[in-house]
Amino acid sequence: MDRRVDLVRHTDSEGDVLTEEGVRAAVELGRRLTGGYDLLVSSGAQRATQTLSCLPCGLGQQVDGGVLVDPGFRSAVEDRWRDAAQRARGKDLEAFREADPELVEKESTLLGSVLSHLFERLPEKGRALVVGHSPTHEAAVLGICGQITQPLSKGAGVRVVQQDGSYRIEALS
């Protein structure tokens with residue numbers, strides 16, 4: 001049996017609040033998702049929680065587990081990520097790793113652990129949707145799968161599947 005977690009980056013925002021376009025994009029994103037989620041999880045940032053709250057409007061589905069806030073999906077060292085982004089020669093984790101290897105190593109381990117705990121909470125064949133940020137979603141994937149994924153644009157995502165004790169990455173259509 002498998003469990004699935006969809007990691008999605010919040011939509012367009014100004015500061016920590018979605019723009020009108022960000023709200024429209026989040027509702028539209030909800031229409032494109034397959035649904036069937038047991039849990040909806042926000043990093044706790046307002047822009048992530050607001051995106052997450054718009055998704056069921058597009059999905060048109062009830063989520064019995066409701067919306068949870070798990071600040072573990074939000075980095076406690078966001079300023080350090082911003083600093084690394086300014087020094088990096090690209091926007092992927094490999095570029096961040098060159099700019100600040102300790103940051104990527106520690107954060108990937110920490111965020112991968114948070115993602116692993118979410119998988120443990122899910123029932124057999126369970127599904128969760130997490131709305132958070134880039135590059136922390138990519139760091140969580142690195143921490144749990146050992147693979148670097150492409151940077152997530154606003155409203156984009158990736159699916160992590162746990163099956164028979166191992167993890168794999170799938171495109172989120």
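β6 covers residues 127-132, and six of its six residues are buried. Strands here are DSSP runs of E with at least two residues, helices are runs of H or I with at least four, and both are numbered from the N terminus.

Before going further, a word on the source: this is a predicted model, in which local features need pLDDT of at least 70 and side-chain atom pairs count only at pLDDT 80 or more, while totals for chains, interfaces and linings use all residues. Residues are numbered from 1 along each chain as its sequence is written, and side-chain values use heavy atoms, leaving out hydrogens and water.

Which strands pair with β6 in the parallel sense? One is β1 (residues 2-9), over six bridges, and another is β4 (residues 39-42), over four bridges; two strands pair if DSSP finds at least two bridges between them. Val-131 in β6 is the bridge partner of Val-8 and also stands opposite Ser-42. Ala-128 in β6 is the bridge partner of Val-5.

Now zoom out to the whole sheet. It is open, with six strands in the order β5-β4-β6-β1-β7-β8 and mixed pairing. β5 (67-69) and β8 (166-171) each have a single partner strand, so one side of each edge strand lacks a neighbour in the sheet. From one strand to the next, the twist averages 25°. Helix α2 (residues 46-59) packs on this sheet and touches β4, β5 and β6, contact meaning heavy atoms within 4.5 Å. The direction of α2 makes about 140° with that of β6; axes are lines fitted to C-alpha atoms, for helices over the stretch in contact, and angles run from 0 to 180 degrees between N-to-C directions.

α3 (residues 78-87) and α5 (residues 101-121) pack at about 135°, with axes 10 Å apart. They are therefore oblique to each other, since angles under 35 degrees count as roughly parallel, over 145 as roughly antiparallel, 65 to 115 as roughly perpendicular and the rest as oblique. Arg-80, Trp-81 and Ala-84 in α3 meet Glu-102, Leu-103, Val-104 and Glu-107 in α5.

Note on methods
Buried means under 20% relative accessible area, exposed over 50%, partly exposed in between (1.4 Å probe, protein chains only).
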